[in-house]
Amino acid sequence: MTSIKHYKWFWPWQDQKEEAWLESMSQGGLHLQSVHLPCAYTFDQGEPRHYTYRLDYILVNKEKKPEYLQIFQDAGWEHLGEMSNWQYWRKLVQEGEFAEIFTDRESKLKKYQRILGVMGFFLAFLVFFGINLFNNWSRFEDLAALIAAIYAAAMICYAVLIPLYVVVVVQLLRRIEQLKKKAL
Amino acid sequence: MNGQDKIDQYLPLTESTYYTLLSLVEPLHGYGIMQKVDVLSEGTVKIGPGTLYGALQALEKEGLIVKVGEEERRKIYELTGKGKEVLKKQVERLVVMVRSGSLVR
C-alpha cells in the first residue's frame with residue numbers, strides 16, 4: 001500500500017473543517033494513517049470509503065488512557081493516533097448514517113473549554129514572560145552584542161506569538177459562545 | 001438543609017447524565033452503559049463515547065459513582081449512595097413535571 005504525505009494547517013477552532021477534509025480524502029480513496037507534526041498527515045491509498053472522522057481534545061494521563069481508548073473502540077471507533085492532546089478517531093458508516101463522539105451540547109462545549117484552558121495558559125505564560133523581558137530590555141542593551149541579539153530575537157518571537165495566541169483564544173471563545181446560545 | 005443543597009446542586013441532570021446514572025444501579029462498564037442507556041431511554045437518547053467518558057470522569061469525581069472492578073481495559077462502575085440520592089431526587093422532580101404535563105394533552 002502506498003503512503004502519501006499531505007501538509008495542511010488547521011487552527012484549534014477549525015476541527016470541524018479538519019474532520020470534513022479527512023472525510024473528503026477518504027471518499028477519494030486516501031485514508032488517514034497517522035499525523036506526525038501538527039501539519040503533516042500520512043495517508044494510505046486504497047478504495048474510496050465512507051468514513052466519519054472525529055477529533056477529540058483531551059488531557060488524559062497514562063493511567064486513564066486505556067479506559068478512554070477502550071470506550072471508543074467498543075463503540076466501533078478506530079484510533080488513528082494523537083497529536084498534542086488531539087485524538088484522531090474514525091468510524092465506517094453507511095450512506096446516510098451518522099456517527100458522533102459527542103452526543104450532547106454540554107460535552108461538545110467542554111471539549112472547546114479544554115482547548116481554551118490550555119491555549120489560555122500558554123497565552124498567560126507568554127504575556128508574563130514577554131512583559132518581564134520587555135521591562136528588562138534596558139539592561140540587555142548594554143550586554144555583548146550576541147546576548148542582546150538573542151534577547152531581541154526572543155522579543156520578536158513574543159511579539160509574533162502573543163497576537164497569534166490572542167486570536168486563538170478569541171476564536172475559541174466565539175465557538176464556545178455559539179454553542180452556549182440556546183433559544184430557551 | 002446542607003444535605004439538600006449538596007444534592008440539589010446537581011439538578012436538573014442532562015438526559016445523558018440521568019440515563020448514565022440510571023444504568024449504573026447495577027455494575028456496568030463503558031460500552032455496557034451505552035447500550036443500556038439506549039434501552040432504558042427506549043431509543044430516545046444515544047450516548048457517544050466522548051460524552052460518556054467525560055460523564056464518567058465527572059460523576060466519579062463528584063462521588064456519584066465509584067469504580068467497583070476492572071475487566072481487561074474496561075473499568076466497571078456502580079452508583080454510590082450519594083448517586084442514588086441524586087437520581088431519586090431527579091425522578092421526583094420529573095414525576096411532578098409529567099403530572100402537571102397532563103395539562104397539555
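Leaving aside neighbours within four places in sequence, which residues is Leu21(B) in contact with? They are Leu59(B), Leu64(B), Leu79(B), Gly83(B), Val86(B) and Leu87(B), where contact means C-beta atoms, placed from the backbone, within 7 Å.

A quick word on the model. It is predicted, so local features need pLDDT of at least 70 and side-chain atom pairs count only at pLDDT 80 or more, while totals for chains, interfaces and linings use all residues. Residues are numbered from 1 along each chain as its sequence is written, with chains lettered from A and ligands numbered from 1 in the order in which they are written.

Back to Leu21(B). Together with Leu24(B) and Leu52(B), Leu21(B) has the most contacts inside the largest nonpolar core, a set of 44 residues. Such a core is made of buried Ala, Val, Leu, Ile, Met, Phe, Trp, Tyr and Cys residues joined through C-beta atoms within 7 Å; buried means that 20 or more other C-beta atoms lie within 10 Å of a residue's own. H4(B) supplies the largest share of this core, 5 residues.

The contact takes 17 residues from chain B and 18 residues from chain A. On the chain B side, the elements giving two or more residues are helix H3 (30–40), helix H4 (49–61) and strand E3 (74–79); these are DSSP runs numbered from the N terminus, with helices (H or I) of at least four residues and strands (E) of at least two. H4(B) gives the most, with 6 residues.

H3(B) also packs against H2(B) (residues 15–23): their axes come within 9 Å and cross at roughly 110°. The axes are lines fitted to C-alpha atoms over the stretch in contact, with angles from 0 to 180 degrees between N-to-C directions. That makes the two helices, H2(B) and H3(B), roughly perpendicular, a label for 65 to 115 degrees. Tyr19(B), Thr20(B), Leu22(B) and Ser23(B) of H2(B) meet Ile33(B), Lys36(B), Val37(B) and Leu40(B) of H3(B).

Within chain A, the C-alpha centres of domains 1 and 2 lie 27 Å apart, with bounds from an automatic or database assignment. Their contact takes 8 residues from domain 1 and 9 residues from domain 2.

Here is the make-up by class (nonpolar: Ala, Val, Leu, Ile, Met, Phe, Trp, Tyr, Cys, Pro; charged: Asp, Glu, Lys, Arg; polar: the others, Gly among them).

| Contact | Residues by class |
|---|---|
| Side of chain B that touches chain A | 6 nonpolar, 7 polar, 4 charged residues |
| H2(B) with H3(B) | 5 nonpolar, 2 polar, 1 charged residues |
| Side of domain 1 of chain A that touches domain 2 of chain A | 6 nonpolar, 1 polar, 1 charged residues |

Note on methods. Two residues are in contact if their C-beta atoms, placed from the backbone, lie within 7 Å. Angles under 35 degrees count as roughly parallel, over 145 as roughly antiparallel, 65 to 115 as roughly perpendicular and the rest as oblique. A residue is buried if 20 or more other C-beta atoms lie within 10 Å of its own, exposed if 12 or fewer, and partly exposed in between; C-beta atoms are placed from the backbone.
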